[in-house]
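Student: I have a protein model to look at, and I would like to learn how to read its features one at a time. Could we go through it together?

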Amino acid sequence: MLTEREVLEIIRKGDVDLSPLSIRDVEVEPQGRGGPDLALGLAWAGWSSRFLGEISVTSSPRAVEAALAAARRFATSGAFPLVIASYLDTRALQRFLDEEVSAMDLGGNAVILVPGPVSYTHLTLPTKRIV
């Protein structure tokens, strides 16, 4: 199992493919300890949005619920909540979709939701496990 630090490093190095989206401007602990694990931008075709993310090193139902709650706490008017895990199965991805919170894993499986004038959902199925 990967550690939170290893997950962060994979994201920072750009080793996650969310095509056609691109990950930009990754910041670790942008609000210091006790805040979100990272901030990042997602961009596509001239559009971009900022996300504040919580990392979950496991994808157990309990860990998914805890990460979901934490990500919601960190969401601000200028950034959307995001959960990042090493792996998310279809059940977990559907849970995030139902709760309208973005989530992604290191294999590129993702639900990316941006409410407002533009709503974009990127749901990659079937899920693939890379770790």
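Student: Which residues does Leu42 touch, not counting residues up to four places away in sequence?

Tutor: As a general idea, in soluble globular proteins nonpolar side chains tend to be buried together. In this predicted model, Leu42 touches Leu18, Leu21, Ser22, Ile23, Trp47, Ser48, Ser49, Phe51 and Ile112, with residues up to four places away in sequence left out of the list. Leu42 is also one of the residues with the most contacts inside the largest nonpolar core, which has 20 residues, and Ile11, Leu40, Ile84 and Met104 are named alongside it.

Student: Which elements each supply at least two residues of this core?

Tutor: Helix α1, which covers residues 4-13, does so, and so do the strands β2, β3 and β4. Apart from this core lies another one, of 14 residues, among them Leu68, Phe96, Val101 and Ala103.

Student: How do I read the way strands are joined, and which way do β2 and β3 run?

Tutor: Look at the bridges between two strands and at the direction in which each strand runs. Strand β2 (residues 38-44) is joined to β3 by seven bridges, and the two run antiparallel; Ala39, for instance, has Leu52 in β3 as its bridge partner. These two strands form a hairpin with two residues between them, and in the turn Ala45 has a positive phi of about 45 degrees. On the other hand, β3 and strand β4 (residues 80-85) run parallel and are joined by six bridges, with Glu54 standing opposite Val83 in β4.

Student: Why is β3 described as largely enclosed by the rest of the structure?

Tutor: The description is used because eight of the ten residues of β3 are buried.

Student: Is Ser56 buried or exposed?

Tutor: The idea is to compare its relative accessibility with a cut-off, since buried means under 20%. Ser56, which lies in strand β3 (residues 47-56), has a relative accessibility of 7% and therefore counts as buried. Its side chain reaches the backbone oxygen of Thr58 at 2.6 Å, and, leaving aside neighbours within four places in sequence, Ser56 is in contact with Ala63, Ala67, Ile84, Ala85 and Ser86.

Student: How many helices and strands does the protein chain have?

Tutor: There are three helices and six strands, and from the N terminus on the elements run α-β-β-β-α-β-α-β-β. Of the 131 residues in the chain, 47% are buried.

Key:
Residues numbered from 1 in each chain as written. Predicted model: local features only at pLDDT ≥ 70, side-chain atom pairs only at ≥ 80, totals over all residues. Heavy atoms only, no water. Helix = DSSP H or I, 4+ residues; strand = E, 2+ residues; numbered from the N terminus. Buried < 20%, exposed > 50% of the residue type's maximum accessible area, 1.4 Å probe, protein only. Polar contact = N/O pair within 3.5 Å; in protein donor to acceptor, adjacent residues only side chain to side chain. Contact = heavy atoms within 4.5 Å. Pairing = 2+ DSSP bridges. Core = buried A, V, L, I, M, F, W, Y, C linked by side-chain atoms within 4.5 Å.
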